Amino acid sequence: MAAFGAAVRALLAAARARSPPLGHRPPHAPCSASAAARGAAMEPAPRWLAGLRFDNRALRALPVETPPPGPEGAPSSPRPVPGACFSRVRPAPLRQPRLVALSEPALALLGLGAPPADAAAREAREAEAALFFSGNALLPGAEPAAHCYCGHQFGQFAGQLGDGAAMYLGEVCTAAGERWELQLKGAGPTPFSRQADGRKVLRSSIREFLCSEAMFHLGIPTTRAGACVTSQSTVVRDVFYDGNPKYEKCTVVLRIASTFLRFGSFEIFKSADEHTGREGPSVGRNDIRVQMLDYVISTFYPEIQAAHADDRVQRNAAFFREVTRRTARMVAEWQCVGFCHGVLNTDNMSIVGLTIDYGPFGFLDRYDPDHVCNASDNAGRYAYSKQPEVCKWNLQKLVEALEPELPRERGEAILAEEFDPEFRQHYLQKMRRKLGLVHAELDEDGALVAKLLETMHLTGADFTNTFYLLSSFPVGPESLGLPEFLAALTAQCASIEELKLAFRPQMDPRQLSMMLMLAQSNPQLFALIGTRANVTKELERVEQHSRLEQLSPAELLSKNRGHWADWLQEYRTRLEKDREGVSDKDAWQAEHTRVMHANNPKYVLRNYIAQNAIEAAENGDFSEVRRVLKLLETPYHRDGEATEVPEATEPEGAGGADSGGHSYSSKPPLWAAELCVT
């Protein structure tokens with residue numbers, strides 16, 4: 001560690017001498033192999049990151065606020081930012097930055113090579129990453145700025161939001177001609193931090209870092225995460241908003257994407273909202289909206305720009321059509337792996353169809369269409385089953401934000417025409433692959449999928465493991481192996497203990513009684529309070545919990561076996577239809593298995609897996625973060641690997657760094673149900 005510290009200090013001294021001033025702009029460098037090669041020739045790279053070449057097109061194409069004059073630190077003071085898409089900022093230094101982990105596949109996007117075999121060289125590389133990816137030093141050509149955007153949060157327009165904890169560093173052009181925007185999340189205050197400090201902590205940063213990479217390797221469009229750097233600097237956080245704050249370590253994530261522009265980027269022009277009275281900081285500035293559309297379409301949708309260069313309305317309509325399709329496909333992919341975003345506000349929706357801003361996300365364990373992963377979402381607005389409709393609602397807000405450059409009626413017609421069919425088609429196609437239906441597409445397939453999900457809901461089946469197990473279902477008309485398969489499948493269903501925990505009453509019985517009395521004596525007041533849905537849910541929980549008290553484990557198992565036997569019979573019949581007319585049954589079987597293995601992950605970032613890694617890291621051990629990161633790089637079954645039956649339940653008390661040999665593909669332990677993410 002002494003050598004590591006010395007390396008950091010040496011790099012910091014060198015970086016201070018080379019860091020550009022706040023207003024510095026590098027000369028234009030187009031993203032081409034020749035330009036990158038010329039840059040490398042002119043400025044040889046003695047260090048690992050010095051070869052990164054910045055060309056910050058967004059800051060040239062869009063208006064940038066000049067910070068108001070004032071004392072040191074004033075550029076980051078909270079304020080409205082009218083007439084601009086960005087405001088210049090500087091990262092705030094951290095004490096003793098230390099690398100948690102690097103994602104080599106993400107960094108490879110930037111043309112950064114694999115880690116060296118030499119231990120000293122690896123340590124120097126990690127020291128450099130800790131220095132630059134913490135924001136303690138700026139790379140040559142970087143121009144840190146914070147992006148201004150607005151958003152509808154939980155259905156209400158919130159006015160100016162912006163990058164309160166993230167900073168645009170610039171855009172790196174690679175030798176392959178690709179352009180990647182770099183962001184530091186958690187690097188300090190910006191004009192958009194409001195009353196916050198612009199910092200992120202180890203806990204939330206590890207979750208975002210791991211999930212960004214997990215989603216990419218699952219094949220889902222997403223922003224990427226290249227590095228996670230923590231420090232000895234601390235901030236106070238009240239994790240559960242319960243009056244028990246504690247000190248947590250400041251941590252920064254390096255994020256990578258083609259762009260971090262979002263639906264909310266176009267909401268800065270919104271006039272006063274009829275419900276909240278708030279308005280965007282750049283209301284009336286249609287000239288900036290035009291600039292933004294020109295920049296976004298020419299940069300990220302060049303084929304649309306080329307096809308409609310002479311007709312702006314047609315161009316903008318084609319752009320919105322493509323954003324709609326990408327968003328529909330993205331959320332269909334989420335539903336097919338059981339991913340819940342948690343905070344689907346318009347400011348968390350990417351303009352290029354990427355999953356963005358990982359906060360209180362979660363993957364389904366026990367299948368529950370009404371699952372809410374965000375403990376702050378009391379009304380369940382962003383429940384798993386509601387995600388497609390919420391994404392469509394957010395697209396409607398984008399339509400409104402694009403007017404008058406895209407007439408509202410034109411945009412609404414596109415949304416009505418495109419979203420639902422695109423979602424349904426992509427979802428059903430993905431589900432067919434998850435079920436190994438490789439030869440024929442039948443109208444009945446949607447009903448088969450719906451019946452499967454209903455069976456999973458009735459039995460409390462584990463979402464990921466149930467699909468993974470189906471790849472080993474005995475396909476032939478003979479029933480050989482069916483009892484063993486059924487036993488493995490029912491082992492993935494919720495136990496009585498799990499169900500009791502899931503359906504335990506949330507209200508004090510006296511409170512519930514009072515609410516019921518109010519509903520009878522004064523229904524108008526009861527309706528005004530707006531708790532009817534909550535009381536109905538609570539009554540359902542009480543009833544379900546009462547039934548569970550009367551149910552034995554043997555009775556539960558018998559019921560589950562019956563539900564699954566019924567669906568498996570339908571599934572076997574459908575698989576037989578898929579094999580009809582196929583001359584080579586062995587080839588069909590091989591393709592059936594291959595497709596299922598490629599579409600049903602063995603590993604997802606379950607909350608308990610992330611929590612184990614977080615707890616180890618908070619104790620100074622980053623090995624579990626790195627182990628989980630590596631595991632999530634290959635979430636699907638690999639060729640030649642035996643299809644193992646997932647364990648019924650993770651052993652109680654199993655922990656990432658301490659347990660060593662625990663399974664990452666088992667059902668979660670009971671304690672995982674108590675995890676609260678806000």
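A residue counts as buried when its relative accessible area is under 20%, as exposed when it is over 50%, and as partly exposed in between. The exercises below use this scale on a predicted model.

**Exercise 1. Is Thr223 buried or exposed, and which residues does it contact?**

Step 1. Thr223 sits in the loop between helix H6 (202–217) and strand S11 (224–237).
Step 2. Its relative accessibility is 0%, so Thr223 counts as buried.
Step 3. Neighbours within four places in sequence are set aside. Thr223 is then in contact with Ser212, Ile256, Ala257, Phe260, Leu354, Thr355, Ile356 and Tyr358.

**Exercise 2. Classify Gln544 and give its distance from Leu499.**

Step 1. Gln544 belongs to helix H18 (residues 532–549).
Step 2. The relative accessible area of Gln544 is 21%, so the residue is partly exposed. The cut-off for buried is under 20%.
Step 3. Gln544 and Leu499 are 45 residues apart in sequence, while the C-alpha to C-alpha distance is 9.0 Å.

**Exercise 3. Describe the backbone at Gln96, Asp357 and Pro404.**

Step 1. Gln96 is not a glycine, yet it has a positive phi of about 50 degrees. Gln96 lies in the loop between strand S3 (86–88) and strand S4 (98–102). With 57% relative accessibility, Gln96 counts as exposed.
Step 2. Asp357 is not a glycine either, and its phi is positive, at about 65 degrees. The residue is in the loop between strand S13 (339–340) and strand S14 (362–363). Asp357 has 12% relative accessibility and therefore counts as buried.
Step 3. The peptide bond from Glu403 to Pro404 is cis, with omega near 10 degrees. Pro404 is in the loop between helix H10 (387–402) and H11.

**Exercise 4. How do helices H12 and H19 pack, and which residues meet?**

Step 1. H12 covers residues 445–459 and H19 covers residues 553–579; their axes are 10 Å apart, at an angle of about 165 degrees.
Step 2. Angles over 145 degrees count as roughly antiparallel, so H12 and H19 are roughly antiparallel to each other.
Step 3. The handedness of the H12 and H19 crossing is left-handed.
Step 4. On the H12 side, the contact is made by Asp445, Leu448, Lys451, Leu452, Thr455, Met456, Leu458 and Thr459; they meet Asn560, His563, Trp564, Trp567, Glu570, Tyr571 and Arg574 in H19.
Step 5. Sorted by type, the residues of this contact are seven nonpolar, four polar and four charged.

**Exercise 5. Describe how H12 packs with helix H13.**

Step 1. The axes of H12 and H13 (residues 463–470) come within 11 Å and cross at roughly 125 degrees.
Step 2. That angle makes H12 oblique to H13.
Step 3. The crossing of these two helices is right-handed.
Step 4. Leu452, Leu453 and Met456 of H12 meet Phe463, Thr466, Phe467 and Leu470 of H13. The contact of H12 with H13 has six nonpolar residues, one polar and no charged.

**Exercise 6. Describe how H11 packs with H20.**

Step 1. Helix H11 (residues 408–434) and helix H20 (residues 585–599) have axes 7 Å apart, and the packing angle is about 120 degrees.
Step 2. H11 is therefore oblique to H20.
Step 3. Lys430, Arg433 and Lys434 in H11 meet Val595, Met596 and Asn599 in H20. By type, this contact has two nonpolar, one polar and three charged residues.

**Exercise 7. Summarise the whole chain.**

Step 1. Count the elements: the chain has 23 helices and 14 strands.
Step 2. State the burial: 54% of the 678 residues count as buried.
Step 3. Consider contacts with a separation of 6 or more: residues 24 or more positions apart account for 73% of them.

Key: Residues are numbered from 1 along each chain as its sequence is written. This is a predicted model: local features need pLDDT of at least 70, side-chain atom pairs count only at pLDDT 80 or more; totals for chains, interfaces and linings use all residues. Side-chain values use heavy atoms; hydrogens and water are left out. Helices (H or I, at least four residues) and strands (E, at least two) are DSSP runs, numbered from the N terminus. Buried means under 20% relative accessible area, exposed over 50%, partly exposed in between (1.4 Å probe, protein chains only). Contact means heavy atoms within 4.5 Å. Axes are lines fitted to C-alpha atoms, for helices over the stretch in contact, and angles run from 0 to 180 degrees between N-to-C directions. Angles under 35 degrees count as roughly parallel, over 145 as roughly antiparallel, 65 to 115 as roughly perpendicular and the rest as oblique. A crossing is left-handed if the near helix is turned anticlockwise from the far one by less than a right angle, and right-handed if clockwise. Ala, Val, Leu, Ile, Met, Phe, Trp, Tyr, Cys and Pro count as nonpolar, Asp, Glu, Lys and Arg as charged, and the others, Gly among them, as polar.
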